[in-house]
Structure formats: structure tokens, C-alpha cells
Amino acid sequence: MFDFVRTHSRWLQLILLVLILPSFVALGVQGYSSFSDGVGLKVATVDGHKITQGDWDNAAREQAERMRRENPQMDPKLLDSPEARQQALEGLVSRRALETAVQKQQLMAADGRVASVFRRSPAYAFLRTPEGQPNKALLAAQGMSSEGFAERLRQDLGLQQVLAPADMLPRSLKLGGKLAFDALLQQRDISVKRLEAQAYRDQVQLSDADVATYYQLPATQKRWMQPERAQIEYLVLDAEALKQRVQINEGELKTYYEQNRKRFSTPEERRVSHILIKLDEGAKAEQEAAARAQLESLQAQLRSDPKQFAALARKHSQDEISAASGGELDFIGKDFNVKAIADAAFALGKGEVSPIVRSEFGLHLVTVSEIRGGDVRSFEDVRAELETEQRSELAKKEFQTLSEQFSNAVYEQADALQPVAEKFQLALRKADLGRVPAAGAQGPLASPKLIEAVFAPESLKSKRNTEAVETGVQQLVSARVLKHVPAAAPALDEVKEAVREQLLMERAAALAKKAGEALLAQKADELSYDATVTVSRMNPQGLPREALSKVLQAPAGNLAKPFGVDLGTGGYLLVRLNAVKPPSEQEVPAKQAEQQYAQALANAEGLAYLEALKAWYKAKILTSPAKAASSP
């Protein structure tokens, strides 16, 4: 939409799309000017100007609406999580810093510059009238006036100038990116000795009290936390459920069949051959008489032996295409493009030869060698098909009639769904529902709208029927919470053995680590190793990720100096760095990968430029993520 987004680097597009465009879409330029008009609690400042709680709430709401449009299946709770709200605030601060830069650096484009860009840029060609003026109708369809669009373009051009220095970063990073990429792919020769936690299990003694104490630790409780869920009962009113209830009228089915017999028939087709004597439409009488005489002579021969038709066509027909095949035109229908031939063919029986007929091409003799189609399926054959169609049609009409009644009933009979089920003859179903649809969930139970309605505070507290929620095409659902189970760790008795095993392995790992550290305290030349291998990011040789990361980050100057890597419940690893090598030819990926890495590095530098702008204009967030969680 913006010209500089089309022409600048990918990192620049990323910043603008994430920080700028969503607010343009949600608010228009008027929304930007309204930032400074907010009142209420100050949650952040940029260049001494405050960002209020109201500004923050609006930004969070707009962000949630945008994400919901982009991903309708997203868990509604994620859209209003503390993390999401904090992200919205950080984006708001970044946008304000960019706007401040435009104002402070006096980069707002003049009217002439705005008009020139609009008239000349291909990006806005679709918005220009033939006279080169803004197409007000198209702008209005986007909810924007021509004046509003001009201001938005002015802001766009200003932002382009603010971000211009950062646009130079990808070019300046070419050499550094190459060096960093080579370092990313380097190889390292190492010697390793692994102390498995499993080998120390027998040295660990655990009592029930140890397990109970361990289970009450916050970190352990978090690890065993079960997600929030609700046991619900629910009703589904949809056209599918109504199909079996509608009454089918046999007489109406038969009437429909008779009115649509053509639909249940296969078109009749005839295999046709012809002999053509060409004749222009303006031919003289004597020319037509000669042509007709020639065909009459052939016709006389065919009366005595119709089987000669193909041979005579090959010899006498002037149709260059069909003559070689004995005049055959293959199967044709009544809509064949030479009407005279079609009319003649459908007036013949199999093996008969037509009278001479005239078309725009000349004079023809026509014969039919085969007839197919024209059969009509009987009512009995199509009855099931007709009944299915009629049930679907009647069910749709019934749904339209009942949908409002159903919505009213679940509201008026708010304490129970059973009476509603009986009234509408619907099956009352039960399910266990989480805030995120279960794997493989389909239909209403996979609907974010239903999940949001079920887990609404009022639904959980009062256990009253939810409103009738539209969860699909011609589908309404109402649910009622039978039991709400908050997110919590299960009772220890339910998971005691698994918890004991977890604690056992943690303590065994601690013993492995202690033994490894003791070995590191010895002289380096006294250590023995299990193996010596060459590792790289492309070929980790079975090293766990955390171990590989430490090996590749170890200073190259620490050759022959052993160090330890804690593998958690996997144990402890002793490592000695023997040599650092350049990437092997087999491990160097395609040029495209190097370019992608350089682009990623440029993205990081570009975002750093944005952070520098925020620092320059003293952007400060005055609230914490914890407070973000409690914000309305």
C-alpha cells in the first residue's frame, strides 16, 4: 500500500507492517493525531509526552481485532494476555517515537511533494482518475476521504525519511554478514566424557516426605499444571440436525420429478456421416442444379446399397476434414453447430440416408450409423436423490424459522438446557472443553466463539446458558457449564510415582554434576575421555543442543582446557576443545542460505536502529508486564 514499503529492505517492511500499518488500518490518520488527546493514567512517555491507559487499551483492542481477523482459530484468551497487552504497549511507544522523529526533524512532506508522489507513483495508479485526481469513490470504500488519504501519504513520506539511514544498513552489513556466517558454520574438534545421571540413581535415597516437599515447590507445581477446563452440556441447532425431522410429501416429489425429467435424462446423440458438395450461398441456379444432380446420382446408388456411404464419401465429398474417414462427424447432439445436418440426422432412423439438405457450406447427404442416450431415469431410480435434496431444502427453511426461537429459548430458560432440548427435539450432548480446542476437535467444539462464550466470567460463575452462538453456516449452539476446573496441579496421589521418578533423576543428575566438577578440579592431563569427534551446527554428532551451543561458543583461545556442560537430568558432560576448523565443503549450504543469514542480521541491526530512536527521544514504559495483566 505504501510506496516505500515496496522499495525498502525486508527489515524495514517488517517494522512498518508490525508497528505502522495496523494502526493506519484501524484508526486512519485521525487515530494518530488522537494519541495526544488521551486522558487518564500515564503508562509511558516519549519525548516528554504521555501515553495514557486509554491509548494503551485502544492499541490492545486494535491489535486483538487484527490478530483475530488474520487467525480466526486463535485462542481468544491469548489476544488479551499480559504478553499481548505488553506487546501492544511496546508497539505504541515505537510508533510514537517514529512520529516524534518526523516532527522533530521537520520531515513532513510539503503539499507539492505529496501531490507529485501521488500522480507519479505506480503504487497509487489504481486510486487515480483518468484526470490524475484521487478517486473519491474508491477511497470512500476504504473508509477514507481524499484529505485523509493525503495526510496519510504525507505521514508515509515523513516516515520514509526517518527510516532512510537504516535502509543503508543491509548494504553495509555485507562483509560482516559473510564473516559471521563463516563463523556460524565452523567445525570444532573436541574430546568428550559423559557422566550419565542414570548411573547415579542407586546412590539416591528418597522418602515420601521428600517427594511431598518437592511437589509443593512452585516450579514443580507449574511443571505439573493441568490446563483449565469446563465440563459442559450443549445443544446444536443446525440444518443437518433438522433433516431427519422434516416431512416428505410423496406427491410433491413426483411433481418435481415430472417438471424436471430433462434433468434425469441423458442427451440423445447420433453418430453421423455426410457427403458435402460445396456451394456458395450466392451460387447461380445452374451451379446448384449441377451439385444437386451429383448428389441425386449418389443417392440413387445408396438406395440400392446404403453400405456404400463411406466409400462414396471418400471419393466424392468435398469436406477436406471428414472425407478421408468416410464422411464421419462422430457423435453429435441436437445443438450441433451445423443446424441443417443436426435436423436431418435427428429425423433419421439408424442406417437411413437423408434427402438432400442445404447449409451455409453447400448441399449434403446425411446418414446415421449409431444412436445412443436419450434414456430417462425412472422416478424409483432417483427418488432417494430427490428426497435428500428436498430434506436439505426444507431443513434450511426450518432452521431459518427456528433460529430466533432457539436464541430466545436459551435466554429465557437460562438455568437449564433440557427443556430447550425437549421443545426443539434436540439431543443434549456433553463434552470436556478447554480454552484451546483439543487435537482433532471438529464442529462446535473447535469453535473459538463457543469457547469464548463458555469461559466468559459470567458463564463460569452463574453456570447459566450461554447465548446462542453461531459456530458454523446455519448452525447455532448454546452451552452450559456443569463443572469448572481451574488450571491446577493434580493431587499428589494421582502422580506420585511420576513425581518420585522426576525427583530421583534430578538428584541423580546433581550427583553426576558433582562428580564431573570434581574431575575438572584435577589436572587437565590426568583426565581421560570417551571419544574425540568433530562437531558443527550442521553435524552435532549426537551432542544435545545445550552442549553443542556451549562448545561452539567456547573461546578459541581455550584449547586443551576442559570445561563442563550441565545436561540437566541427562547428566554432565566434560569437554576439551582441541581445534577450530573452517567449514567443510560438504557443509556449506546454498548461496541463498548465506543471503538469508545476512538479511536476518540486517533485520536485527534495523530493529536496533529503532531502539536507538526510542532512546534518543527518551521513550519510557512506566508500567510492568504484571501491571499489564491487571489492566482493564
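Predicted model: local features only at pLDDT ≥ 70, side-chain atom pairs only at ≥ 80, totals over all residues.
Modeller: Over residues 1-39 the pLDDT stays under 50. For that stretch the model has 85 contacts beyond four places in sequence.

Biologist: Where else is the pLDDT below 50?

Modeller: Over residues 169-177. That stretch has twelve contacts in the model beyond near neighbours in sequence.

Biologist: And what's the mean pLDDT of the chain?

Modeller: The mean is 83. Of the residues, 85% reach 70 or more.

Biologist: Which elements have the lowest and highest mean pLDDT?

Modeller: Helix H1, residues 3-7, has the lowest, at 33. Helix H13, residues 208-215, has the highest, at 96.

Biologist: Switching to helix H9. How many of its 17 residues are buried?

Modeller: Twelve, so H9 is largely enclosed by the rest of the structure. Among them are Phe149, Arg152, Asp156 and Val162.

Biologist: What should H9 span, and how far apart are its end C-alpha atoms?

Modeller: H9 runs over residues 146-162 and should span 24 Å at 1.5 Å a residue. Its end C-alpha atoms are 25 Å apart, which agrees.

Biologist: New topic. What's the phi of aspartate 47?

Modeller: About 55°, which is positive, although aspartate 47 is not a glycine. Most residues other than glycine have a negative phi.

Biologist: Where is aspartate 47?

Modeller: In the loop between strand S1 (42-46) and strand S2 (49-52). Aspartate 47 counts as partly exposed because its relative accessibility is 25%.

Biologist: And lysine 463, what's its phi and where is its place?

Modeller: Its phi is positive too, near 55°. Lysine 463 lies in the loop between helix H23 (457-462) and strand S10 (469-472). At 28% relative accessibility, lysine 463 counts as partly exposed.

Terms used:
Residues numbered from 1 in each chain as written. Heavy atoms only, no water. pLDDT = per-residue confidence, 0-100. Helix = DSSP H or I, 4+ residues; strand = E, 2+ residues; numbered from the N terminus. Contact = heavy atoms within 4.5 Å. Expected span 1.5 Å × (residues − 1). Buried < 20%, exposed > 50% of the residue type's maximum accessible area, 1.4 Å probe, protein only.
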